[in-house]
Amino acid sequence: MAASLKVEFHFDFGSPNAYLAELALPGIEQRTGVKFNYVPVLLGGVYKATGNMSPAESLRGIKNKPEYNALETQRFLRRHDITKFTMNPFFPVNTLALMRGAVAAEIEGQFESYFHAAYHHMWVEPKKMDDQQVFRAAFLSSGLDIDRIIARAQQDDVKKKLIENTSNAVARGSFGSPTFFVGNEIYFGKDSLRDVEDEILAQLSSERRKTA
């Protein structure tokens, strides 16, 4: 049953919360036996379609809330024993090239390496990843055949796939990143991961009862 339950992680490399959430997913996979499907979406497209905006914009000028968000981030880091995280000084970064690259890397069979390299250069050793030269040099330093991925990312099917992922996410209720789907149940934000895990276990248990 664990193999048949569809669980999705919708991400954009520009979201620090998506990066932090992803670091906790292997533990959930180990405890539940499920595997998350990683779905690249364009967060700027999600925001445009929903009228949403980044926390950096929405929290500007609000007293106490940005400080509380920072406190919650520190709690999350401690809870999940995360030590490799540095706020990107160039934030916000235009992630169009990064996200097209993720789609292209999946097609080219390089998704896992690309995924981890992209997050490393965004949130571990942060760089201005919307600068084409910086982008290329960063991935080369991680050992990727990035020129192949860059070329593939310019193809219409890759561009179309990213648009489709983004549109489908919005149609299903998404308004930001990270967003998770457990079957048809939607959850938003890194702080919903406990609920995501509970829902996975609940759906697995329900299916076992049905087949018992």
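Predicted model: local features only at pLDDT ≥ 70, side-chain atom pairs only at ≥ 80, totals over all residues.

Reader: What share of the residues count as buried?

Author: 44% of the 212 residues. As for contacts between residues at least 6 apart in sequence, 73% of them join residues at least 24 apart.

Reader: Let's do the sheet. What's the strand order?

Author: The order is β2-β1-β3-β4, in an open sheet with mixed pairing. The edge strands are β2 and β4 (185-188), each pairing on one side only. On average, neighbouring strands are turned by 20° against each other, direction ignored.

Reader: How do β1 and β2 run, parallel or antiparallel?

Author: Parallel, with five bridges joining β1 to β2 (residues 36-40). Val 7 stands opposite Phe 36 there. Together with helix α1 (residues 16-32), β1 and β2 form a right-handed β-α-β unit.

Reader: Which way does β1 pair with β3?

Author: In the antiparallel sense, over four bridges, with β3 covering residues 179-182. Phe 9 has Phe 180 as its bridge partner in β3, and for Glu 8 the partner is Phe 181.

Reader: How many residues of β1 are buried?

Author: Five of its five, β1 being residues 7-11. Both faces are covered: Val 7, Phe 9 and Phe 11 are buried on one side, while Glu 8 and His 10 are buried on the other.

Reader: On to the core. Which residues touch the most other members of the largest nonpolar core?

Author: Those are Phe 9, Phe 11, Phe 13, Phe 36, Tyr 114, Phe 139 and Ile 200, in a core of 51 residues. Helix α6 (residues 111-123) gives the largest share of this core, eight residues.

Reader: What about Gln 110, is it buried or exposed?

Author: Gln 110 has a relative accessible area of 15%, and buried means under 20%, so Gln 110 counts as buried. Gln 110 is found in the loop between α5 (96-107) and α6. Setting aside neighbours within four places in sequence, Gln 110 is in contact with Ala 105, Leu 144, Asp 145, Arg 148 and Ile 149.

Reader: And where is Asp 191?

Author: Asp 191 is in the loop between β4 and α10 (193-211). Asp 191 is partly exposed, at 44% relative accessible area. Beyond residues up to four places away in sequence, Asp 191 touches Glu 72, Phe 76 and Arg 79. By contrast, 35 Å separates the C-alpha atoms of Asp 191 and Arg 152, which are 39 residues apart along the chain.

Reader: Switching to the backbone. Is the peptide bond from Phe 91 to Pro 92 cis or trans?

Author: Cis, with omega near 0°. Pro 92 is in the loop between α4 (65-79) and α5. The bond from Ser 177 to Pro 178 is also cis, with omega near 10°, and Pro 178 lies in the loop between α9 (156-171) and β3.

Reader: What's phi of Asn 64?

Author: Near 80°, a positive value in a residue other than glycine. Asn 64 is in the loop between α3 (55-58) and α4, and is exposed, with a relative accessible area of 52%.

Reader: And what's phi of Asp 81?

Author: About 55°, positive although Asp 81 is not a glycine. Asp 81 is in the loop between α4 and α5, and counts as exposed at 64% relative accessibility.

Key:
Residues numbered from 1 in each chain as written. Heavy atoms only, no water. Core = buried A, V, L, I, M, F, W, Y, C linked by side-chain atoms within 4.5 Å. Buried < 20%, exposed > 50% of the residue type's maximum accessible area, 1.4 Å probe, protein only. Helix = DSSP H or I, 4+ residues; strand = E, 2+ residues; numbered from the N terminus. Pairing = 2+ DSSP bridges. Right-handed = clockwise from strand over helix to strand, strands pointing away. Contact = heavy atoms within 4.5 Å. Axes fitted to C-alpha atoms, helices over the stretch in contact; angles between N-to-C directions.
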